[in-house]
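This report covers a sheet and the helices that go with it. Look at the structure first, then read on.

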Amino acid sequence: MANRHTIILMQTSPNRATRTFMDFESVTQAMDGICALYERKLKELNPAIRNLSYDITDLYNFIDGLADMSALVYDSSIHAYLPHDRQWIKQKTLQHLRKLAH
């Protein structure tokens with residue numbers, strides 16, 4: 001699954017104009033991108049703090065706080081993108097962060 005093209009669809013607020021997407025070459029890169037998005041938000045909210053830290057609950061709260069987030073992951077066996085919900089994204093970010101920790 002690591003080398004499958006992944007598109008993250010998201011909407012940051014109830015306003016439909018906030019719909020956007022992020023495009024990645026793999027699920028791993030997509031999870032990195034979601035973490036980086038959260039880290040940028042943390043820095044934006046806490047500009048005076050140099051070393052920010054967070055745990056998985058904080059990241060989950062960020063993901064749940066978005067109006068919408070889902071993933072489309074390319075499956076070459078059917079030549080199509082498979083949709084995944086925010087619960088799947090949360091599971092994958094946890095797995096990704098666990099791998100980084102070891």
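## A bridge in the sheet

Ala71 has His84 in β4 as its bridge partner. Strands here are DSSP runs of E, at least two residues, and helices are runs of H or I, at least four, numbered from the N terminus. The model is predicted: local features need pLDDT of at least 70, side-chain atom pairs count only at pLDDT 80 or more, and totals for chains, interfaces and linings use all residues. Residues are numbered from 1 along each chain as its sequence is written, and side-chain values use heavy atoms, with hydrogens and water left out.

Strand β3 (residues 68-75) pairs with β4 in the antiparallel sense, over five bridges. Pairing requires at least two DSSP bridges between two strands.

## Sheet order

The sheet is open and has four strands, in the order β2-β1-β3-β4, with antiparallel pairing. β2 (19-24) and β4 (80-84) are at the edges with a single partner strand each, so one side of each has no neighbour in the sheet. From one strand to the next, the twist averages 20 degrees. Angles run from 0 to 180 degrees between N-to-C directions; axes are lines fitted to C-alpha atoms, for helices over the stretch in contact.

## Helix packing

α1 and helix α3 (residues 86-101) pack at about 95 degrees, their axes 9 Å apart. The two are therefore roughly perpendicular, a label for angles of 65 to 115 degrees.

In α1, Val27, Met31 and Cys35 are among the residues that meet α3, whose side includes Trp88, Ile89 and Leu100. Contact means heavy atoms within 4.5 Å.

Conventions:
Parallel < 35°, antiparallel > 145°, perpendicular 65-115°, else oblique.
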